[in-house]
Amino acid sequence: MGKNIKKNTHNKHPSASPKKTEKNAAEQSFLKLHFIMQLPDRKSRGEEAEEKWEFAFEEMIHFDGQEFTLSSPLKVHAYYSWLDESTLSVRLGVNTHVTGSCVRCLEKAELALSDELLYLYTLRGKGSEDEEMIVEVGAFGKTLDIVEQVWESLVLLLPLRLLCKEDCLGLCPSCGANLNETSNSSLRGE
Ligand SMILES: [Zn+2]
Ligand SMILES: [Zn+2]
């Protein structure tokens, strides 16, 4: 996943066009949420702490020409520990289901999203050639809000092309019939 690092800079431009703002409505309301981790003592190296969140997020998410809604509660977990006094390692997990339209047949399709990404929150600027996603932090307090990385993780897990099933046959180019329906008479003789 290391190649997919996004810097989320696009939501830091309030002067974006109205259309763009509308498309980012889900992102804007998501980023008003908080995912607060209570940080362990920075000398407690290797000791793992965890936080879990679960809630319904109902706004439609526009992504790469597709529209998704979360059809089950968004479950987020974070397992985190200090690698050293300036680097916090966070395993960030996201579990939910998305529904949208199959890109081939346009019928409703659902997909389970479940994955864990590794983030490193660090005071130092580090190269990003590793597997981990690097997040530079100005200073560490007693808590850390990871909402931007939760949103980023969710977006990274969204399918580039949602399908109702792996072998969806799509629509007939001549008559527009759903080719998954075997009773489609135009399948014969075309
Ligand atoms: Zn389909
Ligand atoms: Zn046809």
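**Close-up views of a predicted model**

**View 1**
Tryptophan 53 is partly exposed, because 15 other C-beta atoms lie within 10 Å. The cut-offs are these: a residue with 20 or more other C-beta atoms within 10 Å of its own is buried, one with 12 or fewer is exposed, and one in between is partly exposed; C-beta atoms are placed from the backbone. This is a predicted model, in which local features need pLDDT of at least 70, side-chain atom pairs count only at pLDDT 80 or more, and totals for chains, interfaces and linings use all residues. Residues are numbered from 1 along each chain as its sequence is written, while chains are lettered from A and ligands numbered from 1 in the order in which they are written.

Tryptophan 53 sits in strand β2 (residues 49-55). Helices (H or I, at least four residues) and strands (E, at least two) are DSSP runs, numbered from the N terminus. Which residues does tryptophan 53 touch, not counting those up to four places away in sequence? They are Phe35 and Val76. Touching, or contact, means that the two C-beta atoms, placed from the backbone, lie within 7 Å. Alanine 78 is 25 residues from tryptophan 53 along the chain, yet their C-alpha atoms are separated by 8.9 Å.

**View 1. Strand β2 beside β5.**
β2 and β5 run antiparallel and are joined by 7 bridges. Two strands pair if DSSP finds at least two bridges between them. Find phenylalanine 55: it stands opposite leucine 74 in β5. How many of the 7 residues of β2 are buried? The number is 0, so β2 lies largely in the open. In a regular strand, side chains alternate between the two faces of the sheet.

**View 2. The whole chain.**
The protein chain has 3 helices and 9 strands. Along the sequence the pattern reads α-α-β-β-β-β-β-β-β-β-β-α. Buried residues make up 19% of its 190 residues. Take the contacts with a separation of 6 or more: 60% of them join residues 24 or more positions apart. The average pLDDT is 85, and 79% of the residues score at least 70. Over residues 1-21 the pLDDT is below 50, and this stretch has 16 contacts in the model beyond near neighbours in sequence. pLDDT is the predictor's confidence in each residue, from 0 to 100.

**View 3. The nonpolar cores.**
The largest nonpolar core holds 24 residues, and Val90, Leu92, Tyr119, Tyr121, Ile146 and Val150 touch the most other members. Two or more residues each come from α2 (25-30), β4, β5 (74-84), β6, β7 and α3 (147-157). β6 gives the largest share, 5 residues. A nonpolar core is a set of buried Ala, Val, Leu, Ile, Met, Phe, Trp, Tyr and Cys residues joined through C-beta atoms within 7 Å. Look next at valine 90. Neighbours within four places in sequence aside, valine 90 is in contact with Ala78, Tyr80, Tyr119, Tyr121 and Ile146. A second, separate core has 5 residues, including Cys102, Ala109, Leu162 and Cys164.

**View 4. Helix α3 and its cover.**
Gln149, Val150, Trp151, Glu152, Ser153 and Leu154 are buried in α3. What covers the buried residues of α3? The cover includes α2, β5, β6, β7 and β8 (133-136). An α-helix has 3.6 residues a turn, so residues three or four places apart point the same way.

**View 5. Leucine 120 in strand β7.**
Leucine 120 lies in β7. Is leucine 120 buried or exposed? It counts as buried, because it has 20 C-beta neighbours inside 10 Å. Leaving out neighbours within four places in sequence, leucine 120 is in contact with Thr87, Ser89, Glu132 and Ile134. Serine 81 is 39 residues away in sequence and 9.9 Å away in space, C-alpha to C-alpha.

**View 6. Two loop residues with positive phi.**
Most residues other than glycine have a negative phi. Aspartate 64 is not a glycine, but its phi is positive, about 55°. Aspartate 64 is in the loop between β3 (61-63) and β4 (66-70). With 9 other C-beta atoms within 10 Å, aspartate 64 is exposed. Leucine 106 also has a positive phi, near 70°. Its loop runs between β6 (87-101) and β7 (108-122). Leucine 106 is partly exposed, with 13 other C-beta atoms within 10 Å.

Leucine 171 is in the segment after α3. Leucine 171 counts as partly exposed, because it has 18 C-beta neighbours inside 10 Å. Residues up to four places away in sequence aside, leucine 171 touches Cys105, Gly176, Ala177, Asn178 and Leu179. Cysteine 105 is 66 residues from leucine 171 along the chain, and their C-alpha atoms are separated by 5.3 Å.
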